Amino acid sequence: MAHLAHYREAHPLPFVFTHWINLVSMLLLIFSGFYIHFPFFPGFMGIARGLHMFCALVFVANCLARVVLAFIVKSAPAGGTRKLEPDYKSFLPQKDNRHQLGAWIKYYLFMKKEHPLGGKYGVPQKITYVLIPVLILIMAFTGLCLWAPTANIGPFAAFNELMGSIMITRIVHFFLMFVFILFMFLHAYLANVEGLAPSKMMFGWKEHGGLVYDPELHNIVGEDDLGEEEHK
Ligand code: HEM
Ligand code: HEM
């Protein structure tokens, strides 16, 4: 099946930056987190802890920036169009996605070969992206419950007490890491399963030709090869 064109308007430059920061800080948090849990080589604990807290700060600040920018920056609400709307609308239910949840789930369960065409993000994708900041907040909270300077104050101490001991908080923080790891594997797989064009856009801001979509008509209205024919 031909795909919708990938235009830069779908992922404006600030979001290419925030996405890169997500990837790098996530990988460093997982690496340093595994090391803190199980130091697989000696003499690195001080650096691992410092690196973990630094990346945690960057990750949380980046998440906050991404959410605020969603209300400031405009982006295309679907692939295949350069028309702009406030970016946050891409994460909410859109007319283009109406009645598609069932079809998306069937596609994810390998019961259907093709996914519905519609908004920029599929229905389960929107739900996941909205839940990610919630998970980041829970990680930040349980992280501060573990951090020596904050573990014994206010809500952090109260949570450790509720859990029974700081060791249980540690286990909660550790197991939540696997939710991120699972998300990352699924996300990277689904992003690339139909070709590398979406990742080239998200990481390299590179456009890719394809079908043109009109979000007002909710239909395919043509094809755009980005002028490649003329250069042949
Ligand atoms: C978002 C803010 C976060 C904060 C403030 C935070 C903070 C912390 C702190 C203070 C520790 C304990 C370090 C020590 O024992 O000295 C820790 C451990 C750990 N963190 Fe984080 N963290 C955050 C996010 C993450 C994320 C996103 C991951 C992975 C996806 C992660 C994975 C881990 C792991 C695996 C450990 C080791 C737990 C154990 O000892 O079993 N953390 N974190
Ligand atoms: C191997 C790593 C990754 C790959 C290949 C990848 C790929 C992509 C692609 C292709 C998109 C655009 C999807 C579309 O337009 O339908 C996207 C969006 C997104 N990705 Fe990733 N990603 C990776 C890692 C991550 C990580 C680690 C996070 C967060 C912790 C993340 C969070 C997001 C979010 C929230 C979006 C929505 C768009 C935005 O925020 O601007 N990704 N990713």
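Helices α6 and α7 are roughly perpendicular to each other; angles from 65 to 115 degrees count as such, under 35 as roughly parallel, over 145 as roughly antiparallel, and the rest as oblique. The axes of α6 (residues 154-163) and α7 cross at roughly 95 degrees and come within 7 Å. Axes here are lines fitted to C-alpha atoms, for helices over the stretch in contact, with angles running from 0 to 180 degrees between N-to-C directions. Helices are DSSP runs of H or I with at least four residues, numbered from the N terminus.

This is a predicted model, in which local features need pLDDT of at least 70, side-chain atom pairs count only at pLDDT 80 or more, and totals for chains, interfaces and linings use all residues. Residues are numbered from 1 along each chain as its sequence is written, while chains are lettered from A and ligands numbered from 1 in the order in which they are written.

Which residues join α6 to α7? F159, N160 and M163 of α6 meet I166, I168 and T169 of α7. Contact means that C-beta atoms, placed from the backbone, lie within 7 Å. By class, this contact has four nonpolar residues, two polar and no charged. Ala, Val, Leu, Ile, Met, Phe, Trp, Tyr, Cys and Pro count as nonpolar; Asp, Glu, Lys and Arg as charged; the others, including Gly, as polar.

Now take a second pair. The axes of α2 (residues 45-72) and α4 come within 11 Å and cross at roughly 150 degrees. That makes α2 roughly antiparallel to α4. On the α2 side, the contact is made by A56, F59, V60, C63 and V67. P133, I136, A140 and G143 supply the α4 side. Eight of these residues are nonpolar, one is polar and none is charged.

Next comes the ligand. Around ligand 2 stand 18 residues, the closest being F15, N22, A188, A191 and P198. A residue is near a molecule if its C-beta atom, placed from the backbone, lies within 6 Å of it. Helices α1 (13-37), α4 (123-146), α7 (166-192) and α8 (197-204) each give at least two residues to this shell. The largest share, five residues, comes from α1. The shell divides into 11 nonpolar, five polar and two charged residues.

Finally, look at G204, in helix α8. Is G204 buried or exposed? G204 counts as exposed because it has 10 C-beta neighbours inside 10 Å. The cut-offs within 10 Å are 20 or more other C-beta atoms for buried, 12 or fewer for exposed, and partly exposed in between. G204 and W20 lie 184 residues apart in sequence, yet 9.9 Å apart in space, C-alpha to C-alpha.

How values were computed. Contact = placed C-beta atoms within 7 Å.
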